[in-house]
Every structure is written in structure tokens, then in C-alpha cells.
Amino acid sequence: MLIRRENPGDIDTVAEVHRQAFDGDAPLEVGLVTRLRSSDAWIPQLSLVAELAGSVTGHVCLTRATVDSTDVLALGPIGVLPDLQRDGVGSALMHAALGGADARDEPLVALLGHLDYYPRFGFVSGTSVGIEPDQPSWSSHFQVRRLARWNPGITGTFRYAAPFYDL
């Protein structure tokens, strides 16, 4: 398996990965990635694909977000073709994305996600470190991963990039 930066030729394949991963003709994740790509939150170096035998089989992206006035990152969506789920593709994408964020000296990655999956990558409840999502209904699944540049003074309200609110 190769984890690499997404390139322009991957856009349609990435959309298909998310269609299949999220089980639908037009799941929200496909439109979200399209809107993120055209926003100022998009970080091309942090849009990664997993490739097996020359085919894209998974995708993850990290985009700009904020905790009050501090720039941080948001993870998502992440998707893997259904036949390859539970085979390590998602884990490889997660490790590569977190490593890339850390290498860019980002302080924090946040996400909304399954409480049994993301803690294995070091994610903890955002509220446990003083960060709340701007949508109170997200609190139960809102998680953060502190990176090497983490500063305990980063507290407050987390806000995704605008495309996340257009869903």
C-alpha cells in the first residue's frame, strides 16, 4: 500500500471512494470534499489517498479550522472502499495524515467520530482539554488529537471551515 498526496487525476476516483464508503449515490461526504477543495480551508498537501496495485482505495483530508482565533486542523472525511475496510487502509491514512499535520507544526487535529475508533490514534474528548464544538449537539463525538506543537492555552470554541455547515 502506498499513501500519497492526492493529485488532480484522483478527484473522480476519490468521489467514488466516498460514494462507496458512505453507501449512496450522493452521500454528503462527496459534496463536502468538493466544496472544501474550492475553499480557503483546503490544504492540498494534507489530502491523501491510499493506493493498492495502482488503484485509489481510500482518502482522507485535513482542512483549516479554528479554536477561537487559533488555527487548527479538522480531519474528515475519511473513506475506504467497503471491501478493504478493516484491512488497515484507514489506519494507514490516519497515521499519514497525523504525521503530515505534525510535520507542518500544527497544534491540534479535531474531528467528529466514533468513540471506539479514533482513541487508538490518540484522540480524546475535546471537552477534556477545554475545547468545545460550536454545535453543542456534537459534544458527545467531538474529539481532538494534540500534536507536538500543542499548547495547553488553546481552549475555547472549535469551528470547522464554512463548507461543513453547508451540509
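**View 1. Arginine 4 and glutamate 51 are joined by a salt bridge, with 2.8 Å between their closest N and O atoms.** A salt bridge here is a side-chain nitrogen of Lys or Arg within 4 Å of a carboxyl oxygen of Asp or Glu. Because arginine 4 belongs to strand E1 (residues 2-5) and glutamate 51 to strand E2, the pair ties together parts that are 47 residues apart in sequence. Helices (H or I, at least four residues) and strands (E, at least two) are DSSP runs, numbered from the N terminus. Glutamate 51 is buried, at 19% relative accessible area; buried means under 20%, exposed over 50%, and partly exposed in between (1.4 Å probe, protein chains only). A network of salt bridges links Arg4, Asp10 and Glu51. The model is predicted: local features need pLDDT of at least 70, side-chain atom pairs count only at pLDDT 80 or more, and totals for chains, interfaces and linings use all residues. Residues are numbered from 1 along each chain as its sequence is written, and side-chain values use heavy atoms, with hydrogens and water left out.

**View 2. Arginine 159 and aspartate 134 form a salt bridge, their closest N and O atoms being 2.5 Å apart.** Arginine 159 lies in strand E9 (residues 156-159), and aspartate 134 in the loop between strand E7 (131-133) and strand E8 (142-146), 25 residues apart. Arginine 159 is partly exposed, at 39% relative accessibility.

**View 3. The largest nonpolar core has 22 residues.** Such a core is a set of buried Ala, Val, Leu, Ile, Met, Phe, Trp, Tyr and Cys residues joined through side-chain atoms within 4.5 Å. Leu62, Leu75, Leu93, Met94, Val109 and Phe123 touch the most other members. Helix H3 gives the most to this core, with six residues.
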